[in-house]
Amino acid sequence: MLAVFSAGVAPGLALLCYFYLRDQYETEPVTTVAKAFIYGVLLTFPVMFIQYVLTEEKIVLSNVVSAFLMSGLLEEFVKWFILFYLIYQHMDFDEPYDGIVYGTSVSLGFATAENILYLLAYGVEHAFLRALLPVSSHALFGVLMGFYFGKAKFSRDGKKNRRLWISLAIPFFLHGLYDYILFIESAWLYYMVPFMLFLWWLALKKVKQAHKLSDQHYLRIVQDKSS
C-alpha cells in the first residue's frame, strides 16, 4: 500500500516542484499552492463518477466522443472552473507566471489522485509508464491552461475573455487528442511519442513566454511607481 501511494504521488509532486521553482519572482505561498492541488484531488471523484455512469449507461457510443467529450472536455472544464472561480481573483495570483503554477497544481492534484486509484486497481508495475504519460500530460495541459489565465489577467489589450476561452479550448483539444491516440490499439505508441514531445515543447515555450510577461508586468509596476 505504501509503495503504491509513494509511486502514485511522486511524479505529480516532482513535476509540481519543477514548475513551482521556475517562478523567477516571488514564489507562491505553499499553502495556496497546496489548496489548489487539493482542489484537483477532490475533483477526481465526481468526474470519475460521471464517467462511470456515462459508460455504464452506454451514453458514449464512439471513441471520438469518449476521448474528446467524456475525457477531454469534462476533465479540463472542471479544472478550468476551479481555476476561474477559486484561483483567478486570489490575491496571491499577482503575476502572469503564477497562472502556470496554479494551473499545474490543480491538474497535478487531479492526476495524482487518478494515478493512485489506477495503481491500486492494476498494480505498481504500471507506475513508470503512468508517470511518463497521464501524469505528465495533465501537468502540461495545466501549463497551457495556466499560461492563458495569466495572460488574460494581466494583459491590457482588452482580450481577457478571449484568452479565458482559449485557456479551456487548447487543453480540451489536446487532451481529447491524447485520449484518442490511446484508442489506436497496436499503433498508439507511434503517435504518442511525437505527440508528447510536441506537448513538452509547447509547454516549455509557454513557460518562457510567461517569464517574459512577468518581466514586463514588474517593469510596468516600477514605471508606474516612478511616474
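Predicted model: local features only at pLDDT ≥ 70, side-chain atom pairs only at ≥ 80, totals over all residues.
**Helix packing and buried residues**

Biologist: At what angle do helix H3 and helix H5 pack?

Modeller: Helix H3 covers residues 63-87 and helix H5 covers residues 127-154, and their axes lie 11 Å apart. The crossing of the two is right-handed.

Biologist: How many charged residues take part in the contact of H3 with H5?

Modeller: On the H3 side the contact is made by Glu 75, Glu 76, Lys 79, Trp 80, Leu 83 and Phe 84, which meet His 138, Phe 141, Met 145 and Phe 149 of H5. Divided by class, these residues give six nonpolar, one polar and, as the number of charged residues, three.

Biologist: How are H1 and H4 oriented to each other, roughly antiparallel or oblique?

Modeller: The axes of H1 and H4 are 8 Å apart, and the two helices pack at an angle of about 170 degrees, while the crossing itself is right-handed. An angle over 145 degrees counts as roughly antiparallel, and therefore the orientation of H1 and H4 is roughly antiparallel.

Biologist: How many nonpolar residues does the contact of H1 with H4 hold?

Modeller: The residues that meet include Leu 15, Leu 16 and Phe 19 from H1, and Ile 100, Ser 105 and Leu 108 from H4. In the division by class there are no charged residues and six polar ones, and the number of nonpolar residues is 15.

Biologist: What is the distance between the axes of H1 and H5?

Modeller: H1 passes H5 in a right-handed crossing, and the contact is made by Ala 7, Pro 11, Gly 12, Leu 15 and Phe 19 of H1 together with residues of H5, among them Val 135, Ser 136 and Ala 139. By class this contact has ten nonpolar, two polar and no charged residues. The helices pack at an angle of about 35 degrees, and the distance between their axes is 10 Å.

Biologist: Is Leu 15 buried or exposed?

Modeller: Leu 15 has its place in helix H1, and, leaving aside neighbours within four places in sequence, Leu 15 is in contact with Leu 108, Val 135, Ser 136, Ala 139 and Trp 200. From C-alpha to C-alpha, Leu 15 and Ser 105 are 9.3 Å apart in space, although 90 residues separate them in sequence. Because a relative accessibility under 20% counts as buried, and Leu 15 has 12%, Leu 15 is buried.

Biologist: What is the relative accessible area of Ser 137?

Modeller: Ser 137 is found in helix H5 and, not counting residues up to four places away in sequence, touches Tyr 178, Met 196 and Leu 199. Ser 137 is buried, and its relative accessible area is 1%.

Biologist: How far are the C-alpha atoms of Ser 107 and Ala 139 separated?

Modeller: Ser 107 is found in helix H4 and counts as buried at 0% relative accessibility. Apart from neighbours within four places in sequence, Ser 107 is in contact with Lys 79, His 138 and Gly 142. Ser 107 and Ala 139 are 32 residues apart along the chain, and their C-alpha atoms are separated by 5.8 Å.

Biologist: Is Pro 194 buried or partly exposed?

Modeller: Pro 194 lies in helix H7, and its C-alpha atom is separated by 25 Å from that of Tyr 118, which is 76 residues away along the chain. Because buried means under 20% and exposed means over 50%, a relative accessible area of 43% makes Pro 194 partly exposed.

Notes: Residues numbered from 1 in each chain as written. Heavy atoms only, no water. Axes fitted to C-alpha atoms, helices over the stretch in contact; angles between N-to-C directions. Helix = DSSP H or I, 4+ residues; strand = E, 2+ residues; numbered from the N terminus. Left-handed = near helix turned anticlockwise from the far one by under 90°. Contact = heavy atoms within 4.5 Å. Nonpolar A, V, L, I, M, F, W, Y, C, P; charged D, E, K, R; others polar. Buried < 20%, exposed > 50% of the residue type's maximum accessible area, 1.4 Å probe, protein only. Parallel < 35°, antiparallel > 145°, perpendicular 65-115°, else oblique.
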